Amino acid sequence: MKHIITVNKPTMQKSLKTGGCGECQASCQSACKTSCTVGNQVCEK
Amino acid sequence: MKDRIHKFRQGDTYILLDINSGAVHVIDRMIYDMMDIFQGDNDEEVTAALRSDYREKDLQEALGELHSLMDAGQLFAPDIDVPPTFRQEGLVKSLCLMVAQDCNLRCRYCFGDAGSYGGERAVMSPEVGRAAVDYLISRCGQRKHCEIDFFGGEPLMNMRTVKAVTEYVRQKEKETGKSFKLTLTTNGVLLDDPTILWLNENRISVVLSVDGRKEVHDRMRPDAGGNGTYDRVIRNFRKLVDSRDGKNYYMRGTYTKENLDFTEDVLAMKDAGFDILSVEPVVLKDNPLGFTEEDLPRIYAEYDRLTEAYLRRHREGRGFFFFHFNMDLSNGPCVAKRLAGCGAGHEYYAVAENGDLYPCHQFVGRKKYKLGNVYDGVQDTELPRYFRESHVLNKETCKDCWARFFCSGGCHANADLFHGDIRKPYEVGCEIQKKRLECAILVQALLALESMEGQPET
């Protein structure tokens, strides 16, 4: 494409059916302790 | 359709985020303008509105590209409802143990009243700590990975319990097949050689509290006698990080109204030899160190500065991790996780020194949020359900916000602090979060582009 470059291969819609295993880290535990963020986590599957 | 996208410009870069798919597109100025009008089925309206600004041929070409994205499910992806993978009840997977509700520092912004959390200074007994481990195992179901964070106050003031719990955890891992990740958050004052050796041998990840520049740290994090602590703790942290090959740590700081030039603090940490970093805004109500809406323009500008510094250092081969800029745009969390958020109150609990359970470490001491204790479990069944259901799709201010699947609705404790209601997010925190997310998306998009350019064409 000339006007648009897509920089990722998103999996969010697919994860509506496949997610929920819960093996990922609790987002507040690792570094922040004061601000809740999930967007910067990685799926452990 | 506008509520399904978010677009922003930073410097010369234009970004389009498709909210419900998570697709990130770097676009040109023309697409940026078109997205004010384009709805997916109104091409003629778009060309009529922009014909005077752009060539017809270019507009048609761009419309073709937008329709291709729609066909690929990467533009105007359908709205997301609560998926079946989001269980009605959470399984507990993480505990924060307040092993010492006491502290040897007197940080000026402490949310825990110098460790006491509004109560008497006290430390957790090994018995309470072991009961917490048993409680977690009894409530985590089939899940393999569990987490415990040794927190306080200052957890190194109670190594007796830290060691007893760790030994018990390792024993229970063998018996149950579970895998525990242990972390410890410390101010570093008591971090001597034997403690460093023990932490390494027992595979404890650490969060190291430093506020960046020496003068900022010493002003904000004095000891009980009012003396600066930077020189002492940075020496100890240096030893610790060197002894574990620069791995399994985070260096974490807080910025306040007194250091709005916090890019300097992030870079000071890096220049002191640390490169896994997090610096966060203080959250205080009615306090001169805390933030108000009037501070936001200055904070936004500083995140722009930090973004530039982050990218510059990366390109110079002197890069560092910054917690809020880390974002895996392709392999991020599932929707169930994005709804569960931090898990406070349903997947994540804090254990007070006496064994009482609270939704998270910040709620400790807020009596109406006491859920039960490690011996009898959670007695209050309503509150955990309320926390579980207080996700972004159930909060008025979140359900239409573009950032809803990245921020998970903000910190419940902060919402309670400012509004007495965990479903009413702390607005200044939201605005800072959104700015940080834009910076993170931009950083990851630019790095991805640079990586693409470095690859041979196929």
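B:H346 is found in the loop between α11 and β12 (348-351) of chain B, where helices (H or I, at least four residues) and strands (E, at least two) are DSSP runs numbered from the N terminus. The structure is a predicted model, in which local features need pLDDT of at least 70 and side-chain atom pairs count only at pLDDT 80 or more, while totals for chains, interfaces and linings use all residues. Residues are numbered from 1 along each chain as its sequence is written, chains are lettered from A and ligands numbered from 1 in the order in which they are written, and side-chain values use heavy atoms, with hydrogens and water left out.

**Confidence**

The predictor assigns the complex an ipTM of 0.91 and a pTM of 0.95. Chain B has an average pLDDT of 95, and 99% of the residues score at least 70; pLDDT is the predictor's confidence in each residue, from 0 to 100.

**Selected residues**

B:H346 counts as buried because its relative accessibility is 4%; buried means under 20% relative accessible area, exposed over 50%, and partly exposed in between (1.4 Å probe, protein chains only). Its side chain makes a polar contact of 3.0 Å with the side chain of B:R388. A polar contact is a pair of N or O atoms within 3.5 Å; within protein, one must be able to donate a hydrogen and the other to accept it, and residues adjacent in sequence count only if both atoms are side-chain atoms. Not counting residues up to four places away in sequence, B:H346 touches B:G90, B:L91, B:V92, B:A340, B:P384, B:F387 and B:R388, with contact meaning heavy atoms within 4.5 Å.

B:F363 is placed in the loop between β13 (356-358) and β14 (372-373) of chain B. B:F363 counts as buried, its relative accessibility being 0%. Leaving aside neighbours within four places in sequence, the contacts of B:F363 are B:Y358, B:Y369, B:F387, B:H412, B:A413, B:D416 and B:I422. The C-alpha atoms of B:F363 and B:S278 are separated by 22 Å, the two residues being 85 residues apart along the chain.

B:Q10 belongs to strand β1 (residues 5-10) of chain B and counts as buried at 11% relative accessibility. A polar contact of 2.7 Å joins its side chain to that of B:D304. Beyond its neighbours within four places in sequence, B:Q10 is in contact with B:D304, B:T307, B:K435, B:E438, B:C439 and B:L442.

In chain A, A:K45 lies in the segment after α1 (15-18). A:K45 is exposed, with a relative accessible area of 62%. Leaving aside neighbours within four places in sequence, A:K45 is in contact with A:T18, A:G19 and A:C21. A:K45 and A:A26, 19 residues apart along the chain, have C-alpha atoms separated by 15 Å.

**Helix α14 of chain B**

Six of the eight residues of α14(B) are buried, so the helix is largely enclosed by the rest of the structure. The buried residues are B:H412, B:A413, B:N414, B:A415, B:D416 and B:F418, and they pack against α12 (382-389) of chain B. Just after α14(B), B:G420 takes a positive phi of about 65°.

**Pocket and cavities**

Grid points are joined across faces, edges and corners, and a volume is the space filled by probe spheres set on the points.

The structure holds six cavities of 30 Å³ or more. In the classes tabulated below, Ala, Val, Leu, Ile, Met, Phe, Trp, Tyr, Cys and Pro count as nonpolar, Asp, Glu, Lys and Arg as charged, and the others, Gly among them, as polar.

| Space | Volume | Lining | Lining by class |
|---|---|---|---|
| Largest pocket | About 760 Å³ | 41 residues | 18 nonpolar, 14 polar, nine charged residues |
| Second largest cavity | About 130 Å³ | 17 residues | seven nonpolar, four polar, six charged residues |

In the largest pocket, B:Y109, B:C110, B:F111, B:G112 and B:Y117 lie nearest the centre. The elements giving two or more residues to its lining are β6 (145-152), β7 (179-186), β8 (204-209), β9 (249-255) and α14 (412-419) of chain B. Of these, β9(B) gives the most, with three residues.

In the second largest cavity, A:G20, A:G22, B:R143, B:A336 and B:E347 lie nearest the centre. Helix α11 (residues 335-340) of chain B supplies the largest share of the lining of this cavity, three residues.

Note on methods:
On a 1 Å grid over the protein atoms alone, a cavity is a set of points where a 1.4 Å probe fits but cannot get out, and a pocket is an open set with protein on both sides within 12 Å along at least five of seven lines; lining residues have an atom within 4 Å of a point.
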